[in-house]
Amino acid sequence: MKYLWDFLLKANVFFVLLLVSCSAFPYETSIDNVKFEQGIILLSFSDGKIQQLESEVEPDFLDYKYTLLDVNFDGIEDLIVTEQNGRNSLSMVYTYNQHLEQVNELIYFEITGLRVNSNKRYICGVNQLSREDTQLVYKYSESNSEVFNFNYVTKKGYSLIRNDKKEIDEKTFSQMLDQCVMNKSV
């Protein structure tokens, strides 16, 4: 009886350690390759499965790259498809559904100049609207984001989401921009 008790105790400890180790490390998607065809993104998984996403990609006219990175901070790598379009490269973010073992077909969001700060759990993007105007986007969660526009001629900025119309001065906008640019670029 004592041996059975020792065995059950060791089995429980092993099971708990297994659960902790599985939840302590980020889940990696099993995407091996991504191909871009007109209007379609083809995903190849390590188990041989293939998934097709309808998208507005135009590989005849633009170059694309993909990155696997956790952008919604759920511990699972997501698919980021970026148009290689110079300064204002648009990134389309598709989240990975661990239960279905596939990428969600709808775009989670699109952002220009995507940068990710995993430590502070936010993403941001910088979009040069014109020589004078720059747009800065912070996204903290699906429902919480901030968008700021700044005009370098008038030296004034403002939030596009808040209704308080509070102006942002050049120093504040510059600090926010520096904070975003220091993050990991995609």
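**Figure 1. Overall architecture of the predicted model.** Of the contacts in the protein with a separation of 6 or more, 32% are between residues 24 or more positions apart, a contact being heavy atoms within 4.5 Å. The model is predicted, with local features requiring pLDDT of at least 70 and side-chain atom pairs counted only at pLDDT 80 or more, whereas totals for chains, interfaces and linings use all residues. Residues are numbered from 1 along each chain as its sequence is written, and side-chain values use heavy atoms, with hydrogens and water left out. The secondary structure comprises 2 helices and 16 strands; helices (H or I, at least four residues) and strands (E, at least two) are DSSP runs, numbered from the N terminus. Buried residues account for 36% of the 186 residues. Here buried denotes under 20% relative accessible area, exposed over 50%, and partly exposed the range in between (1.4 Å probe, protein chains only).

Figure 2. In general, side chains of opposite charge can pair when their charged atoms come close.

**Figure 3. The strands around K155.** Strand 13 and strand 14 run antiparallel and are joined by 4 bridges; two strands are taken to pair if DSSP finds at least two bridges between them. These strands form a hairpin with 4 residues between them, and K155 in the turn has a positive phi of about 60°. N149 stands opposite Y158 of strand 14. Y158 also has a bridge partner in strand 15, namely E167; strand 15 (residues 167-168) runs antiparallel to strand 14 and is joined to that strand by 2 bridges. In a regular strand the side chains alternate between the two faces of the sheet. In strand 14, G157 and S159 lie on the covered face, and K156 and Y158 on the uncovered one.

Figure 4. The structure contains 4 aromatic pairs; rings of Phe, Tyr and Trp (its six-membered ring) pair if their centres lie within 6.5 Å, with planes under 30 degrees apart counted as stacked, over 60 as edge-to-face and the rest as tilted. The pair of F150 and Y152 is edge-to-face, because the ring centres are 5.0 Å apart and the planes are at 70°. F150 is buried, with a relative accessible area of 1%, whereas Y152 is partly exposed at 28%. Together with F173, these residues form one aromatic cluster. A further view shows the charged end of K49 over the ring of F45, 5.0 Å from its centre; the criterion is NZ of Lys or CZ of Arg within 6 Å of the ring centre and within 35 degrees of the ring normal.

Figure 5. S91 is located in strand 6 (residues 90-94) and is buried, at 1% relative accessibility. The side chain of S91 makes a polar contact of 2.9 Å with the side chain of T82. A polar contact is a pair of N or O atoms within 3.5 Å; within protein, one must be able to donate a hydrogen and the other to accept it, and residues adjacent in sequence count only if both atoms are side-chain atoms. Beyond its neighbours within four places in sequence, S91 is in contact with residues including I80, V81, F109 and L114. T95 lies in the loop between strand 6 and strand 7 (96-97) and is also buried, with a relative accessible area of 10%. Its side chain makes a polar contact with that of N104, at 2.7 Å.

Figure 6. G113 is found in the loop between strand 9 (109-112) and strand 10. Neighbours within four places in sequence aside, G113 is in contact with S89, C124, G125 and V126. G113 and V137 are 24 residues apart in sequence, with a C-alpha to C-alpha distance of 9.5 Å. Strand 10 (residues 114-117) and strand 11 (residues 122-128) run antiparallel, joined by 4 bridges, and V116 stands opposite I123 of strand 11. The hairpin has 4 residues between its strands, and R121 in the turn has a positive phi of about 60°.
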